[in-house]
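Please consider the structure shown here. The briefing that accompanies it is arranged by topic.

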Amino acid sequence: MNRLFLKRLCFTVVLFLLSPFLWAQQTISPAIDETMRSHDKIYVVMAVCIVILIVFFLYLIRIDRKVSKKEKSV
Amino acid sequence: MQLKWWKILCIIFLFLTFTAGFLIPVPIIGNLHQSIRNFFFHVPMWFGQMGLLTLSLAYSIAYLRTQNLKHDIYASEFAKTGIIFGILGLATGSIWAKYTWGEFWSNDPKQIAAAIAVLIYLAYIVLRSSMTDFDKRARVSSVYNIFAYFIYIPLIMILPRLVQSLHPGGLEGAKGGGNPALGGDSLDSTMRLIFWPAVIGWLLLGIWISSLKIRLSLLANKNLIHE
């Protein structure tokens, strides 16, 4: 169950990350597009850093769970 | 999905750092401009290192008192993560230095002292790997670790304050004066509001990574550790 849950979680997060690109094709897009382009595009940097942070944390949690599993099995 | 409270705190604080850290208005001081936001990323590396190395010191002392190999494993893993933080601190510091002081490496007393401090701890790792006997390794490296800490603190906290330095915190000189990290006027109250969570978040991240390595090492050395 754990493994499946984690896979689903990762998949969901990836889908979340993709969603802004999908919005950009629609008519409501300009709002988010404008935000991203405002303030010298600082939001772009922020988005990049947050993506990195999310993936790092997911990875860290994954390692943590693997260690816990190993601890239990010994 | 069970995460300990401090791991959740770490995640929250680092997300705060990475969002508010980019978005809050910052004071423009000297030639720092927006790069003052490095306060949320570069400075916590050193705070994190100090925290991790202090933990390492505490466990080295605990080892010498109890002769329990578990404490030696704790001490070594905290020190190793501390070194990573130190190397990151040096690297991020040089990048920042390039665009404020003009050079990646200007042989500034603070830079040299910080580099020596990291090297002293690298020697700790070399010393550890040079011995195969577990008890001997633990004892010798614990003693070395205690010495290293008391060289480390003067190197990064005291020496840079005694000389002129480009880094904040040196004697009144080119730009110096004040506290190395939190000069009285160099941080305004909004920045402090992000800065302290950032410090705690990064420190907790260091502890988290160390704790994983500790748990793995405890598993690998299970037969050596007796409660």
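Predicted model: local features only at pLDDT ≥ 70, side-chain atom pairs only at ≥ 80, totals over all residues.

Residues are numbered from 1 along each chain as its sequence is written, while chains are lettered from A and ligands numbered from 1 in the order in which they are written.

**Confidence in chain A**

- The mean pLDDT (the predictor's confidence in each residue, from 0 to 100) of chain A is 77, and 76% of the residues score at least 70.
- Within chain A, helix α3 (residues 42–73) has the highest confidence, at a mean of 88, and helix α1 (residues 2–23) the lowest, at 68.

**Overall form of chain B**

- Chain B contains six helices and zero strands, in the order α-α-α-α-α-α from the N terminus; helices (H or I, at least four residues) and strands (E, at least two) are DSSP runs, numbered from the N terminus.
- Along the principal axes, the C-alpha atoms of chain B fill a box of roughly 55 × 45 × 25 Å.
- Of the 227 residues in chain B, 39% are buried; a residue is buried if 20 or more other C-beta atoms lie within 10 Å of its own, exposed if 12 or fewer, and partly exposed in between, with C-beta atoms placed from the backbone.
- Among contacts in chain B with a separation of 6 or more, 69% join residues 24 or more positions apart; two residues are in contact if their C-beta atoms, placed from the backbone, lie within 7 Å.

**Helix α5 of chain B**

- Helix α5(B) spans residues 134–162, and its 29 residues reach 41 Å from first C-alpha to last, close to the 42 Å expected at 1.5 Å a residue; the expected span is 1.5 Å times one less than the number of residues.
- A kink of about 40° is centred on B:Leu155, the bend at a residue being the angle between axes fitted to the seven residues ending there and the seven starting there.
- B:Leu155 is also one of the buried residues of α5(B), which include B:Ala138, B:Asn145, B:Tyr149, B:Tyr152 and B:Pro160.
- The buried residues of this helix pack against α2 (42–66), α3 (69–100) and α4 (109–129) of chain B.

**Selected residues of chain B**

- Most residues other than glycine have a negative phi.
- B:Gln67 has a positive phi, near 60°; B:Gln67 lies in the loop between α2 and α3 and counts as partly exposed because it has 13 C-beta neighbours inside 10 Å.
- B:Asn107 has a positive phi, near 50°; B:Asn107 is in the loop between α3 and α4 and counts as exposed, with 8 C-beta neighbours inside 10 Å.
- B:Ser94, in helix α3, is partly exposed with 15 C-beta neighbours inside 10 Å.
- Not counting residues up to four places away in sequence, B:Ser94 touches B:Phe104 and B:Trp105.

**Contact between the chains**

- Chain A contributes 14 residues to the contact and chain B twelve residues.
- The side of chain A that touches chain B has eleven nonpolar, no polar and three charged residues; Ala, Val, Leu, Ile, Met, Phe, Trp, Tyr, Cys and Pro count as nonpolar, Asp, Glu, Lys and Arg as charged, and the others, Gly among them, as polar.
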